[in-house]
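Visitor: I would like to learn how to read helix faces, helix packing and a chain contact. Can we work through an example?

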Amino acid sequence: MTLERRSFLKLLAAGAGAAGLPMIGHANTLMPKKGRRVVVVGGGYGGAIAAKYVRMLDPSIEVVLIERNKQFISCPFSNFYIAGLMNDMSTLTISYDKLAANHGVKMVYDEVTAIDPAAKTVATKGGTLAYDHLIVAPGIDFRTEEIEGYDANTAKAFPHAWKAGEQSTLLRQQLQAMPDGGKVLISMPVTPYRCPPGPYERSCLIAHYLKKHKPKSKLILLDANPDVVSKKPLFTKAWSELYKDNFEYIGAKKVTKVNVKEKLVSIEGVEDFKADVINLIPAQRAGDIAVKGDLVGEDKRWCPIQPVTFESTKHKFVHIVGDACAIPSDGPPMPKSGYSANSQAKVCAMNVVNMMNGKELVDFSGINVCYSAIDDHRSVSIAQVFKLEGGKVKSSATAISPADFSLGKEEHAYGESWLRNILTEMST
Amino acid sequence: MNLRWSGWALTAGALAMSSAAFAAPPTPAMLANACGGCHGTNGGSAGLMMPSLAAHSKEAIVDAMKKFKSGERPSTVMGRLAKGYTDAEFEAMGEFFAKQKLHVTNQNVDKAKVAKGAVLQEKHCNRCHNEEGREGKDETPVMASQWLPYLQLQMEMYLSGKRKMPEKMAEKVKPLSKEDLDALMHFYASVK
């Protein structure tokens, strides 16, 4: 266990209350604040959009976007790359140069190490930044402490590939290096987790890869949930029609222990399981900075927020969008998807600007559209509209593709356009 | 004591509900921004299969959304999404997109087809597809600068009968050959 990890766990144990918050204040000040400023933490599907829309809605507000990486790689569509249907990740990759140039978003490429809601500052490795409003879009991190034996090296041996980039490449390389006749295991977590249909799409595309290139191989999807949690009629049909010879779904089973050396995992209620490739996607929570910043709720996992402003119910002037936030919902909540994050970030940006300008807030209206491929030329989708009702977010329409895959080819093409549009929106 | 307590509870309740209780209903921008994930910021599309919504008339947006909702116009996700909105919300979205500037695209088009299409547009289509397709009469959509693959797919759907052509359009399209229609698509895609 690394030092960083150990101190982080200590922080968790301390309840991440105010007493457990790291002190900020003595580091040097980065970019002294002159006028009104919004700081955004994280340049993914939510953060990049929040930064852009604040600037679009009121260019008199300074926006600083703090992001660890110079480039962002999309998780949506990374299953294509993993399963060999894309040669590289260039179509999944964006940079922030045009966003900065077109909208005057000030980029700081650094890692946020602490948030001080009382002083209204964030600390990065390079120094502190003051804000009037802070929008945090940290995505997810993993509850690896729930798996016995999981350490800093586990993700290299059993890649989760649930953050696109190096992890995706690891899983792809392992699949390609595996001899025909090998066994592949995908272990997916309990809800809520990032991208509900993602593991099922991945199972289809890996099964497709195996069927085509390694026909004697077998894929098993272990679902920690009692049953398929997303687009069930569509995925179960794809499995039984396309992959019945090389694929097996097992519900209500999760990995409890890992042994990297032996390439095996322990599954509750089942004997130890050996596989040539193990794609272990651990259970999830809000990204580390949300935990360090005392933004997670009583569950210690997700960040409770107001549904109109996305303001934290724990700290004023701090807003959380995307995978990390828990919105008060009536019925099934917005899924933790790229589109949801995009939509939430726009609602948040608009109301942050309204708050800063003393204007009336505007009720939530949002969309989620998500495409999943079932093979190399067909996709299925879910489309949802969300509105505010009685202080809670509620779906006014939710429906999946027709079960006969009659729109599969068309939706495959629309999916590609979806990716291009949503990434262009974030990066220009 | 009772009074004091209930007063306190009321205040606390009002605080907890503040943002929800005092917010205005979704504005045109709030409704329309959500479309941007697929149709681009302010309705300017970068995806070859998705139409730009910028600069469409309010009537065009409302007409399309109502037809998606009823199923008269076939779709993948649009019909499903349209069911989540009211007619008044369609109008609000239409109001927003009508205010946006035409989204100009740069596409690879066939110059000869563009030239041929320009003549056909002037002769057959101009009465409804005004200003070289930059505007539209009543609920006629904007054609200018839409992505070629999108235009071609829509024309295919019209010709196969999957999407119903307006009567006036059917009259005009009938005498045109496939090559003529292809030239028209190239022309519209080229208009800036």
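Guide: We take one helix, then a helix pair, then the contact between chains. Keep in mind that this is a predicted model.

Visitor: Start with α6(A). Which of its residues are buried?

Guide: First the general idea. An α-helix has 3.6 residues a turn, so residues three or four places apart point the same way. Now the case. Helix α6 of chain A covers residues 166-177. Its buried residues are Q167(A), S168(A), L171(A), R172(A), Q174(A) and L175(A). Viewed down the axis of α6(A), they fall within an arc of 160°, so they line one face of the helix. E166(A), Q176(A) and A177(A) are exposed, on the face turned away from the buried side.

Visitor: What do the buried residues of α6(A) pack against?

Guide: Their partners in chain A include α3 (78-82), α7 (198-213) and β11 (183-188).

Visitor: Now a helix pair. At what angle do α7(B) and α10(B) pack?

Guide: About 100°, with the axes 7 Å apart. Angles of 65 to 115 degrees count as roughly perpendicular, so α7(B) is roughly perpendicular to α10(B). Among the residues in contact are L120(B) of α7(B) and F187(B) of α10(B). By class, this contact has seven nonpolar, four polar and four charged residues.

Visitor: And between the chains, how many residues does each give to the contact?

Guide: The size of an interface is often given as the accessible area lost when the parts come together. Here we count residues: 32 from chain B and 38 from chain A. On the chain B side, α3(B) gives the most, with four residues. That side divides into 18 nonpolar, 12 polar and two charged residues.

Technical notes: Residues numbered from 1 in each chain as written. Chains lettered and ligands numbered in written order. Predicted model: local features only at pLDDT ≥ 70, side-chain atom pairs only at ≥ 80, totals over all residues. Axes fitted to C-alpha atoms, helices over the stretch in contact; angles between N-to-C directions. Helix = DSSP H or I, 4+ residues; strand = E, 2+ residues; numbered from the N terminus. Parallel < 35°, antiparallel > 145°, perpendicular 65-115°, else oblique. Contact = placed C-beta atoms within 7 Å. Nonpolar A, V, L, I, M, F, W, Y, C, P; charged D, E, K, R; others polar. Expected span 1.5 Å × (residues − 1). Buried ≥ 20, exposed ≤ 12 C-beta atoms within 10 Å, placed from the backbone. Arc of directions from axis to C-beta.
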